[in-house]
Amino acid sequence: MNYLLPFNVVKKLDDLSSPIKVLEVSDNASGLDGKWYNDSKFFRLVLNAGQTDKTAISSSSLGSYGLGKQVFAKTSSLRLVLYYSHFKETSETDNTWSRFMGVGFFPEIEDQELKPGFSFFGGDPTRDGFPRSPATNSDAIDFVKKIGLN
């Protein structure tokens with residue numbers, strides 16, 4: 001595996017003659033609603049690598065370690081996945097109706113060894129005392145529009 005690939009690709013981002021290929025996956029599901037923290041669907045997908053609740057649902061469920069969600073990032077030259085969800089606003093969603101967050105799966109070098117490293121970007125990192133949080137509502141929609149996604 002070429003661990004330097006993401007860094008080589010990043011160097012080309014300013015070259016407008018070299019387009020970025022994007023795979024967009026969408027569905028009409030209920031969305032990643034609920035609170036974004038506290039073991040919600042959003043939290044388990046975006047922020048919680050290596051854990052899943054599938055074994056609590058059924059002992060025959062596949063994906064018991066929660067690592068399958070990394071497949072998109074690991075096949076991406078940038079090692080980056082952007083999550084955007086739109087859902088019904090309720091008190092259970094903290095009156096939020098839209099969320100956006102990006103996750104980068106980058107190599108971390110520690111004591112001359114490569115180890116997995118994660119980078120997150122989204123909302124204000126000082127909000128609610130959480131070091132990582134999604135952009136929400138109009139901030140999420142504005143960001144998605146600025147980068148050219150629907």
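Visitor: What makes the approach of Asn-137 to the backbone nitrogen of Trp-97 a polar contact?

Guide: A polar atom of the Asn-137 side chain lies 2.7 Å from the backbone nitrogen of Trp-97. A polar contact is a pair of N or O atoms within 3.5 Å, within protein one able to donate a hydrogen and the other to accept it, and residues adjacent in sequence count only if both atoms are side-chain atoms. The 2.7 Å separation therefore falls within the limit. The model is predicted, so local features need pLDDT of at least 70 and side-chain atom pairs pLDDT 80 or more, whereas totals for chains, interfaces and linings use all residues. Residues are numbered from 1 along each chain as its sequence is written, and side-chain values use heavy atoms, with hydrogens and water left out.

Visitor: Why is Asn-137 called buried?

Guide: Its relative accessibility is 18%. Buried means under 20% relative accessible area, exposed over 50%, and partly exposed in between (1.4 Å probe, protein chains only). Asn-137 is therefore classed as buried. Asn-137 belongs to helix H5, residues 137-146; helices (H or I, at least four residues) and strands (E, at least two) are DSSP runs numbered from the N terminus. Beyond four places in sequence, Asn-137 is in contact (heavy atoms within 4.5 Å) with Asn-95, Thr-96, Trp-97 and Ser-98.

Visitor: How do you know that Ser-98 is buried?

Guide: Ser-98 has 0% relative accessibility, and therefore counts as buried. Ser-98 is part of strand S2, residues 98-110. Its side chain makes a polar contact of 3.3 Å with the side chain of Tyr-84. Among the residues that Ser-98 touches, apart from those up to four places away in sequence, are Tyr-84, His-86, Phe-87, Asn-137 and Ile-141.

Visitor: What makes the backbones of Asp-94 and Asn-95 worth a remark?

Guide: Each has a positive phi without being a glycine: Asp-94 is near 55 degrees, and Asn-95 is at about 60 degrees. Asp-94 lies in the loop between strand S1 (80-86) and S2, and Asn-95 is found in the loop between S1 and S2 as well. With 48% relative accessibility, Asn-95 counts as partly exposed.

Visitor: Why is the pairing of Asp-94 with Lys-35 called a salt bridge?

Guide: The closest N and O atoms of the two residues are 3.0 Å apart. A salt bridge is a side-chain nitrogen of Lys or Arg within 4 Å of a carboxyl oxygen of Asp or Glu. The Asp-94 and Lys-35 pair meets that limit and is therefore a salt bridge. Asp-94 is in the loop between S1 and S2, and Lys-35 in the loop between H1 and H2, so the bridge ties together parts 59 residues apart in sequence. Both partners are partly exposed, Asp-94 at 35% and Lys-35 at 26%.

Visitor: How many salt bridges does the structure hold?

Guide: The structure holds two. One of them joins the side chains of Lys-41 and Asp-33, at 2.9 Å from N to O. Lys-41 has 35% relative accessibility and is therefore partly exposed; Asp-33, at 25%, is partly exposed too.

Visitor: Why is the pair of Trp-36 and Tyr-37 called edge-to-face?

Guide: Rings of Phe, Tyr and Trp (its six-membered ring) pair if their centres lie within 6.5 Å; planes under 30 degrees apart count as stacked, over 60 as edge-to-face and the rest as tilted. By this rule there are four aromatic pairs. In one of them, Trp-36 and Tyr-37, the ring centres are 5.5 Å apart and the planes stand at 85 degrees, so the pair is edge-to-face. Trp-36 is buried at 5%, whereas Tyr-37 is partly exposed at 23%.

Visitor: What makes the pair of Phe-100 and Phe-121 tilted?

Guide: The centres are 6.1 Å apart and the planes 55 degrees from one another. Phe-100 is buried at 2%, whereas Phe-121 is partly exposed at 33%. Ring pairs join Phe-100, Phe-121 and Phe-143 into a cluster.

Visitor: How do you know that Val-25 is exposed?

Guide: Val-25 has 60% relative accessibility, and therefore counts as exposed. Val-25 lies in the loop between helix H1 (5-11) and helix H2 (41-47).
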